[in-house]
Amino acid sequence: MTATNGLRLLPWSSPEGKPCFLSTDGGSSRLSRRADEIEDLQLSMGTELLGHARALLKEQKADVREVRFLAERLCEALRDALRVAESRGERLPTHDDDDDSDADQTGEDTERVPAAPQSPLSAT
């Protein structure tokens with residue numbers, strides 16, 4: 001999805017499954033605060049689900065139906081987390097192209113390499 005200026009991606013979809021957006025000047029509207037609450041709830045539910053997943057996968061007796069159900073819930077949680085990340089990323093302030101704070105002493109731009117994300121699955 002491309003960046004949409006002045007529109008916030010909401011943490012829910014339309015009945016047809018299409019993304020919903022909010023046009024707002026800031027994060028203080030009632031609907032914007034509600035969206036923040038739902039994003040927080042979605043992320044906490046994903047964290048809790050991850051704990052259940054670890055416990056279920058440690059069991060040797062987990063059957064195919066249980067693992068399939070778990071996989072479906074994990075896909076939903078990942079979809080929600082990615083939507084939250086996209087929405088919050090779109091709202092981050094951007095720097096002007098004219099800003100030469102990245103220029104080194106030679107006047108050339110320095111390359112910034114983002115840190116590799118840590119997988120929550122690798123934590124015990």
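Helices (H or I, at least four residues) and strands (E, at least two) are taken here as DSSP runs, numbered from the N terminus. On that basis the chain has two helices and two strands, and from the N terminus on these elements run β-β-α-α. The structure is a predicted model, in which local features need pLDDT of at least 70 and side-chain atom pairs count only at pLDDT 80 or more, while totals for chains, interfaces and linings use all residues. Residues are numbered from 1 along each chain as its sequence is written, and side-chain values use heavy atoms, with hydrogens and water left out.

**Overall exposure and contacts**

The accessible surface of the chain comes to about 10200 Å², and 54% of this area belongs to carbon and sulfur atoms. Such areas come from the Shrake-Rupley method with a 1.4 Å probe; for residues, only the protein chains shown count as cover. A residue is called buried under 20% relative accessible area, exposed over 50%, and partly exposed in between (1.4 Å probe, protein chains only). Of the 124 residues of the chain, 19% count as buried. A contact requires heavy atoms within 4.5 Å. Among contacts between residues at least 6 apart in sequence, 51% join residues at least 24 apart.

**The hairpin**

Strand 1 (residues 7-13) and strand 2 run antiparallel and are joined by four bridges; two strands pair if DSSP finds at least two bridges between them. Leu7 has Ser23 of strand 2 as its bridge partner. The two strands form a hairpin with five residues between them, and Gly17 in the turn has a positive phi of about 85 degrees. Strand 2 (residues 19-23) has a covered face, formed by Cys20 and Leu22, whereas Pro19, Phe21 and Ser23 make up the uncovered one. Pro19 counts as partly exposed because its relative accessibility is 33%.

A nonpolar core is a set of buried Ala, Val, Leu, Ile, Met, Phe, Trp, Tyr and Cys residues joined through side-chain atoms within 4.5 Å. The largest such core has five residues, namely Leu49, Ala53, Leu56, Leu70 and Ala77. Helix 1 (30-58) and helix 2 (64-90) each supply at least two residues of this core, and helix 1 gives the largest share, three residues. In soluble globular proteins, nonpolar side chains tend to be buried together. Leaving aside its neighbours within four places in sequence, Leu49 is in contact with Leu70, Arg73, Leu74 and Ala77.

Ala71 has its place in helix 2 and counts as partly exposed because its relative accessibility is 36%. Ser32 lies in helix 1 and counts as buried because its relative accessibility is 1%. Glu39 also lies in helix 1, and at 1% relative accessibility this residue counts as buried as well. Beyond neighbours within four places in sequence, Glu39 is in contact with Arg8, Leu9, Pro11, Val84, Ser87, Arg88 and Arg91.

**Separations along the chain and in space**

| Pair | Apart in sequence | C-alpha to C-alpha |
|---|---|---|
| Ser32 and Leu10 | 22 residues | 8.4 Å |
| Pro19 and Arg83 | 64 residues | 9.4 Å |
| Ala71 and Ala53 | 18 residues | 8.7 Å |

**Aromatic rings**

A search of the whole structure finds zero aromatic pairs. For such a pair, the ring centres of Phe, Tyr and Trp (its six-membered ring) must lie within 6.5 Å; planes under 30 degrees apart count as stacked, over 60 as edge-to-face and the rest as tilted. Arg73 lies over the face of Phe69, at 4.4 Å from the ring centre. The criterion for a charge over a ring is that NZ of Lys or CZ of Arg is within 6 Å of the ring centre and within 35 degrees of the ring normal.
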